[in-house]
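This briefing sets out selected features of the structure shown below, grouped by topic.

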Amino acid sequence: MLFFIIFLLGLAVGSFLNVCVYRLPAGESVVSPPSHCRACGVRLGPADLIPVLSYILRRGRCRSCGAPFSARYAVVELATGALFAWCFFVFGLGPSLIKALVLTSFLVVITLIDFDHQLIYDKVLVWLAGAGVAINLSFAYAPLWGSAVTLPVGLLDMLLGAFVGGGLLLAIAVATRGGMGGGDVKFAAALGLWFGWQHTLLALFLSFLAGGLGGGVLLLLRIRKRKDLIPFGPFIAAGAFVALLYGPDIVAWYAGRFLGR
Ligand SMILES: [Zn+2]
């Protein structure tokens with residue numbers, strides 16, 4: 001039951017993330033005006049705000065003018081619901097779940113905007129960094145729920161994480177003469193604030209792995225040509241998501257296997 005409620009929460013949040021992805025690059029407010037049909041301008045009803053529902057009820061069409069809504073909205077919503085449910089499956093109910101859901105929401109927005117525009121926006125990164133610092137500080141220094149947090153990240157570790165994450169990608173950006181964008185460098189630094197240095201390294205290692213595999217698949221399927229720019233942000237986001245959910249397990253496995261701890 002709780003699993004289903006978290007999934008529904010993911011659908012609702014996914015609906016809002018769709019709005020962010022569409023409006024932030026256009027420089028529009030994400031809260032006003034309320035969502036409207038892009039063809040006829042009619043304000044969307046409650047059912048239309050959850051595209052998955054509107055797809056079931058109205059076959060993905062505007063109730064007023066019948067213009068079709070893009071299926072992508074419903075797909076993004078379903079994916080967010082599934083990612084939220086996955087987080088709940090790993091963390092259960094508690095402060096770690098809040099942290100996971102907030103970070104996951106940011107990762108979805110950054111992935112989609114980078115995919116659409118090959119850009120990671122500073123305003124999104126500022127919110128990402130601020131939210132990470134606020135959540136980690138409240139977890140690390142709040143005696144009430146601090147003990148329930150899976151992996152507390154203190155202030156020094158946050159700063160080290162930002163330094164290590166941003167520094168590593170900056171070094172790659174310089175070495176490859178711009179093969180890595182400035183947005184990726186800042187994205188890695190902001191994630192460092194969320195993860196601390198150890199799991200930031202893990203997240204980036206996983207994203208290089210994903211980028212190598214994913215880039216190869218895109219080239220093989222000829223979706224992208226060799227000279228095309230493949231945005232790296234979505235791979236960083238994927239690495240961060242895996243590190244978020246399984247970081248402690250992977251680090252423990254690695255330490256036991258190779259460091260003899
Ligand atoms: Zn319409």
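Gln-118 has its place in the loop between helix H5 (95–117) and H6, helices (H or I, at least four residues) and strands (E, at least two) being DSSP runs numbered from the N terminus. The model is a predicted one, in which local features need pLDDT of at least 70 and side-chain atom pairs count only at pLDDT 80 or more, while totals for chains, interfaces and linings use all residues. Residues are numbered from 1 along each chain as its sequence is written, and side-chain values use heavy atoms, with hydrogens and water left out.

**Backbone at Gln-118**

- Although Gln-118 is not a glycine, its phi is positive, at about 55°.
- Most residues other than glycine have a negative phi.
- Gln-118 has a relative accessible area of 33% and is therefore partly exposed; buried means under 20% relative accessible area, exposed over 50%, and partly exposed in between (1.4 Å probe, protein chains only).

**Zinc site**

- The zinc ion has as its protein donors the SG atoms of Cys-37, Cys-40, Cys-62 and Cys-65, which lie 2.3 to 2.4 Å from the ion. Donors are N, O and S atoms within 2.8 Å of the metal (3.2 Å for Na, K and Ca); water is not among the atoms, so sites may look incomplete.
- The site of the zinc ion is tetrahedral, with angles of 104 to 114° among its four donor atoms. Four donors count as tetrahedral if all angles lie between 85 and 135 degrees.
- Along the chain, the donors of the zinc ion are spaced as C-x2-C-x21-C-x2-C.
- Because Cys-40 belongs to the loop between H1 and helix H2 (46–49), and Cys-65 to the loop between helix H3 (51–58) and H4, the pair ties together parts that are 25 residues apart in sequence.
- Cys-40 is partly exposed, its relative accessible area being 36%; Cys-65 also counts as partly exposed, at 39% relative accessibility.

**Packing of H1 with H4**

- Helix H1 (residues 2–23) packs with helix H4 (residues 71–91) at an angle of about 135°, and their axes are 7 Å apart. H1 is therefore oblique to H4.
- Axes are lines fitted to C-alpha atoms, for helices over the stretch in contact, and angles run from 0 to 180 degrees between N-to-C directions. Angles under 35 degrees count as roughly parallel, over 145 as roughly antiparallel, 65 to 115 as roughly perpendicular and the rest as oblique.
- H1 and H4 form a right-handed crossing. A crossing is left-handed if the near helix is turned anticlockwise from the far one by less than a right angle, and right-handed if clockwise.
- The contact of H1 with H4 is made up of 18 nonpolar, six polar and two charged residues. Ala, Val, Leu, Ile, Met, Phe, Trp, Tyr, Cys and Pro count as nonpolar, Asp, Glu, Lys and Arg as charged, and the others, Gly among them, as polar.

**Packing of H6 with H8**

- Between helix H6 (residues 122–140) and H8 the packing angle is about 15°, with the axes 8 Å apart. This makes H6 roughly parallel to H8.
- The crossing in which H6 passes H8 is left-handed.

**Residues in helices H7 and H8**

- Leu-169 is found in helix H7 (residues 155–175) and counts as buried at 0% relative accessibility.
- Asp-184 lies in helix H8 (residues 182–220) and is buried as well, at 8% relative accessibility.
- Leu-169 and Asp-184 are 15 residues apart along the chain, and their C-alpha atoms are separated by 7.3 Å.
- Between Asp-184 and Val-42, 142 residues apart along the chain, the C-alpha separation is 38 Å.

**Two prolines**

- Pro-34 is placed in the loop between H1 and H2 and is partly exposed at 39% relative accessibility.
- Pro-51, in helix H3, is buried with a relative accessible area of 11%. The C-alpha atoms of Pro-51 and Glu-77 are separated by 7.4 Å, the two residues being 26 apart along the chain.

Notes: Four donors count as tetrahedral if all angles lie between 85 and 135 degrees; four count as square planar and six as octahedral if opposite donors are over 155 degrees apart and all others between 65 and 115; anything else is irregular.
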